[in-house]
Amino acid sequence: MKKIFLSLAALCMAFLAVAQPQLRKDNIEDVLKAMTLEEKATLLVGGARAAMVNGVTSGVDWNVPGAAGNTRPIERLGIPGTVLADGPAGLRIQPNRQGTSQTFYCTGFPVGTLLASSWDISLVEDVTKAMGNEVLEYGVDVLLAPGMNIHRNPLCGRNFEYFSEDPILSGKMAAAYVRGIQSNGVGTSIKHYAANNQETNRNENDARISPRALREIYLKNFEIAVKESDPWTVMSSYNKLNGRYTQQDVDLLTTVLREEWGFKGIVMTDWGNKAGTVTSTKAGNDLMEPGNQNEIDRIIAGVKDGTISQEELDRNVRNMLNYIVRTPRFNGYKFSNKPDLKAHAQVARKAAGESIVLLRNEGALPLKGNEKVALYGVSSIDFVAGGTGSGDVNKAYVVNMVQGMENAGFTLDKDLVNYYTAFQAYDKAQSALSSTGFSWFSRRKLAEVAIPAAAIEKEAKANDVAVVVLGRNAGEGADRKMMDDFELTSIERELLQNVSASYHAAGKKVVVILNVGGVIETNSWKNLVDAIVLPWSPGQEGANAVADVLTGKVNPSGKLPMTFPVNFMDHPSSANFPYNYTQSATRGFSWGPRVPQKDVDYTQYEEGIWVGYRFFETRKVAVSYPFGYGLSYTTFAYSKPVVKAVADGFEATVTVTNNGKVAGKEVVQLYVAAPAGGLEKPACELKAFGKTKLLAPGESQTLTLKVSAYDLASFNETTSAWEAAAGKYSVLFGASVEDIRATAAFTLKKARNWPAHNVFALDRK
Ligand code: BGC
């Protein structure tokens, strides 16, 4: 009897398993068939933002406190929930949890702009391999990174998260970032797709961009990342693009991303609910984040009334299932909650050191290491490791410049350190009295405090060298301003003038450290000082890395991933950027139709493809520091290059020799100037780059750089095709865009073209 009962039970189980398949990698279609409409809709809508609630977990194991979001489980079919967390300068989760004294800190790595300044693909892969290990070991499935919007204008508040003004550098960096993270078996989300180039009114702003500029500048980097790294996910942006919300744009999310580029993963929204759930679902936006029941209901209703077809629904659900089977959650990975933070801190320090850009050095650096140093600037104490908003990492500590310099063996002027420390304490007490509390979006940065000229004069006698730290922070939700941000404040200007005058009078040098998240004005003051070091926001170990560069322990080899203009208004995009916008209290609350405000409700990208050096070099507008620029403590010679035609383009080789006195690394930038006859082109465009290993004095290395015919193409709006004109292309090998060391040529015998879809018209509906 018992036997019969047991075999009946087994039969029932087997029947249930057939009726209710449990998700495996090889039965996605069966699971899809077994899902109800409600379950399908549920899978397309993320969980609520419960993880943000202080210290409280929701009691389910797919929720990591502080993670930005998750996907919902469907237990009946063995579909686990998965966890998504920010990015990009490290994993962002909550460091403390209720009921345990254990901490869950993550490493604060260098920001995206500093990583891009390395121009070093393998360095970025090493950094993100370590970062991805924290994602895995803290139980997160997808890192919401890298941020990769183009630096259209210096004042975009999130530029520090992004890589470059150039789509090739940006795309290659993003691809390296994705490969590094995903080598851990966790996913990435390349963001914000697309044209999220300003923070002002980012939820509604309509970026109006010509199809050519869009294809060549704002999409090209995403195209490269998708083709070269297979990111698991893409995050659509908040803004509109030529009249449509990007998350509702079938041209962007399906025609171009999937059909033209071959993207296989899922697209998720950025973190806000739009009313257009149905349009987004149809457009190929697979996942709404963070989600709510209304969105599930809208999808169900959309399918029932036929607005969403069964194919569209199943296509998105299939994408989701394909994503889920890749995740550590699905694969039952037992995360430790104990990544090796000590080892990763060393990775962060090394990466920062290798990426720092030396902008100026008139015999001031390297220092000997035993000098008595006067450290000026509140940012020497209030050092900015990263930015604010979702890109801010909860790290265990930040080494500031005082600690960094002391760790390196320098003796600091104690009175100055005490002065700034006391100011910081005073400011903290004051703001505790007046402030309305901490805001995620607007963590305050200490404003510079004046030092009397007479005091500086005295200090100049008592110290060997002055190091002035100028700081800026920025972040999600607001753009920077032209005054007192891009421009120096009057106190900063006075500080530089007084320090330079007194130290130079005493026969001593002045070094400036730019601890900034974005480009600032340098032209008016750079000649006052002897050296300028640019570590951007270099992560928790960054100040140690700055000290490594100051002492020469690390020979700087970073190069600028964007142009430093003379004036802010020199950038053609500045004419159409909200550079002094302050949110009006009544905006959005007034009755009746509002006249759309330029640069707020919509932004005309009138400059077209003339972004960054493409403009400055073509129109011959003088800059303060050009794209690709960066000094070293040694010098390099370039050999005569060889350019050889290969099956689909050319291969260039050039030998770089360290002909200076100390070991160093060189970045070789390959620019191409197109022949006349095709579309109008910039004077030159970056097409490839490479970095040498550490070359000892006298040592050489041959770099091989490849460029395909497609890489040479520009987008013709009339024919909706990528076109490469036939003729002779000059191939320029530069130490910066303005320092071309060697040239060669390549002839494309026959014109080539690659048809693309005719989408993104400015007047599309
Ligand atoms: C940001 C994204 C971020 C998301 C989740 C959004 O406000 O724009 O970059 O990944 O929040 O925190």
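Two strands pair if DSSP finds at least two bridges between them, and helices (H or I, at least four residues) and strands (E, at least two) are DSSP runs numbered from the N terminus. The model is predicted: local features need pLDDT of at least 70, side-chain atom pairs count only at pLDDT 80 or more, and totals for chains, interfaces and linings use all residues. Residues are numbered from 1 along each chain as its sequence is written, and side-chain values use heavy atoms, with hydrogens and water left out.

**Exercise 1.** Work out how strand 26 is paired on either side.

*Solution.* 
- Start with strand 25 (residues 714-716): three bridges tie it to strand 26 (residues 721-724), in the antiparallel sense. Asn716 has Ala721 as its bridge partner.
- Now look between these two strands: the hairpin has four residues there, and Ser720 takes a positive phi near 55°.
- Next, strand 26 runs antiparallel to strand 29 (residues 752-755), with four bridges. Here Trp722 is partnered by Trp754.

**Exercise 2.** Find where Trp119 and Asn242 sit, and say whether they are buried or exposed.

*Solution.* 
- Trp119 is in the loop between helix 4 and helix 5. Its phi is positive, near 50°.
- Buried means under 20% relative accessible area, exposed over 50%, and partly exposed in between (1.4 Å probe, protein chains only). At 1%, Trp119 is buried.
- Asn242 lies in the loop between strand 7 (240-241) and strand 8 (244-245). Its phi is about 45°, though Asn242 isn't a glycine, and at 2% Asn242 is buried too.
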